[in-house]
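Here are my notes on the model you sent over. I've kept them to a handful of points you can check on screen as you read.

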Amino acid sequence: MAVIRVGSIGIGAISRCVHLPGIEKSPDLQLVAVCDIDPQALAWARETYGIDEAHCFTDYRQLIACPEVDAVDISTPNDSHFEIALEAARAGKPYAVEKPLTLTSEQADQLAQATEENHVVNMVCFSYRFKAAARYARDLVRQGKIGKLYHVDMQYYQAWALPFCETPLKWRFVAERTGSGALGDLGSHALDLVRFVTGQEYTRLVSHTGTFIHERKLEDGSGMGTVDVDDFSNYMAEMDGGTAATFRITRYAFGRGNYQTMELYGSEGAIQYELDHAAPDTDEIFVCIGHFNGEKHIFSKLPIPEEYKCDQMQAFADKINGKDDGLAAGIEDGRINQHAVDAVLRSAKTGMWETIQ
Ligand SMILES: NC(=O)c1ccc[n+]([C@@H]2O[C@H](COP(=O)([O-])OP(=O)(O)OC[C@H]3O[C@@H](n4cnc5c(N)ncnc54)[C@H](O)[C@@H]3O)[C@@H](O)[C@H]2O)c1
């Protein structure tokens with residue numbers, strides 16, 4: 001199988017931590033081109049990965065049109081996912097795009113349609129689907145080990161918006177750049193992960209969102225700017241298998257780095273998935289299965305079998321090569337996710353239960 005030549009667009013934090021190292025590690029992928037509107041980010045990528053000048057772009061259209069680029073990797077802020085992925089779809093080039101998929105569900109619908117019409121391989125980077133503990137939990141649920149599922153409780157907590165962190169008005173606080181705040185940033189992952197692990201779809205939900213700090217320093221130091229997105233987002237959802245789900249999502253959880261828990265309670269057992277609890281970026285799974293353990297309240301940590309360990313960028317290569325395991329999120333997952341995010345936003349305004357449209 002020929003190596004897939006990748007062009008990466010948006011060389012910021014997630015690109016440097018996950019995408020570019022993942023491409024480098026994969027025997028099936030080769031980074032051949034990079035694009036960023038920031039010359040410093042571009043220079044960093046050129047020097048770090050030895051990309052020649054002719055394949056360093058500031059306009060994503062040029063990277064997508066470049067004949068040496070077989071596949072496109074998109075890690076720009078949320079407001080450009082739609083236009084860049086649409087351009088890749090129309091060019092017939094496979095793409096991996098960061099979450100949340102788009103700013104609105106209308107954009108998500110349009111992108112999904114263009115992707116399907118052009119038969120373009122795609123991946124939406126719901127990265128926690130690649131945590132071994134989450135995959136293991138999913139299998140245990142599918143095997144019926146915890147019986148009928150009644151409750152799912154998911155928390156996703158970070159702390160970097162707390163006053164003492166003095167975080168300026170990054171794009172993540174500005175609606176026209178990010179869509180929603182903690183919701184699109186962390187809550188979209190939580191919505192996807194619960195759907196992934198339970199295998200159930202959301203039918204309706206009700207939410208409470210809010211903003212604690214309404215003004216932050218502008219990044220260029222020229223004054224203050226307005227935060228017009230949520231700092232936290234709590235919601236309850238009904239799922240089509242009858243499961244009652246709750247979500248608590250915030251950027252104000254003191255002491256937390258990238259902390260996630262998902263607790264699943266069924267008729268025959270319970271599963272607890274944890275990320276970032278024992279140590280940063282460590283995923284773990286605890287179970288209480290069977291009536292004896294249930295009566296004694298005994299939860300045990302399970303060793304995670306090797307077969308569950310995987311990598312997001314390798315999954316992109318496997319998708320293109322037609323040998324993927326079907327577990328990475330695709331455009332339809334991203335589209336469904338965007339509709340759920342929009343329902344949370346609608347409910348926050350109306351104060352009512354909202355169906356997923
Ligand atoms: N999957 C995950 O776990 C995860 C984690 C963090 C971020 N993300 C997502 O990744 C995306 C990027 O987040 P980040 O934290 O890396 O942001 P960032 O601000 O650190 O980096 C974004 C980069 O994109 C560049 N850029 C902006 N507009 C561009 C354009 N039109 N063309 C080319 N380059 C452009 C910026 O100059 C910057 O270098 C966001 O959508 C975010 O939600 C996902």
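**Notes on the model**

1. Start with P100, which sits in the loop between β5 (95-97) and α5 (105-117). Bear in mind that this is a predicted model. The peptide bond leading from K99 into P100 is cis, and its omega is near -15°.

2. Now the ligand. How many residues surround the ligand? There are 23 of them, and the closest are G10, G12, A13, I14 and E98. Helix α1 (residues 13-25) supplies the largest share of that shell, with three residues. Sorted by class, the shell holds ten nonpolar, eight polar and five charged residues.

3. Next, take a look at the open sheet of nine strands. Reading across, the order is β16-β15-β14-β13-β7-β12-β11-β8-β17, and the pairing is mixed. At the edges stand β16 (300-301) and β17 (354-355); each has a single partner strand, so one side of each has no neighbour in the sheet.

4. Strands β8 (residues 202-210) and β11 (residues 232-239) run antiparallel and are joined by eight bridges. If you want a landmark, find S207 and look for its bridge partner in β11, which is Y235.

5. Two helices lie across strands of the sheet. Helix α11 (residues 331-350) lies across β8, β11 and β17, and its angle to β8 is about 55°.

6. You'll find E166 in the loop between β7 and α7 (175-178). Is E166 buried or exposed? With 12 or fewer other C-beta atoms within 10 Å a residue counts as exposed, and E166 has 8, so it is exposed.

7. H297 belongs to the loop between α9 (291-296) and β16. The count for H297 is 8 C-beta neighbours inside 10 Å, which is why H297 is classed as exposed.

8. If you only have a minute, here's where I'd point the viewer. After that, go to the ligand and pick out the closest residues, G10, G12, A13, I14 and E98.

Conventions:
Residues numbered from 1 in each chain as written. Predicted model: local features only at pLDDT ≥ 70, side-chain atom pairs only at ≥ 80, totals over all residues. Near = placed C-beta within 6 Å. Helix = DSSP H or I, 4+ residues; strand = E, 2+ residues; numbered from the N terminus. Nonpolar A, V, L, I, M, F, W, Y, C, P; charged D, E, K, R; others polar. Pairing = 2+ DSSP bridges. Contact = placed C-beta atoms within 7 Å. Axes fitted to C-alpha atoms, helices over the stretch in contact; angles between N-to-C directions. Buried ≥ 20, exposed ≤ 12 C-beta atoms within 10 Å, placed from the backbone.
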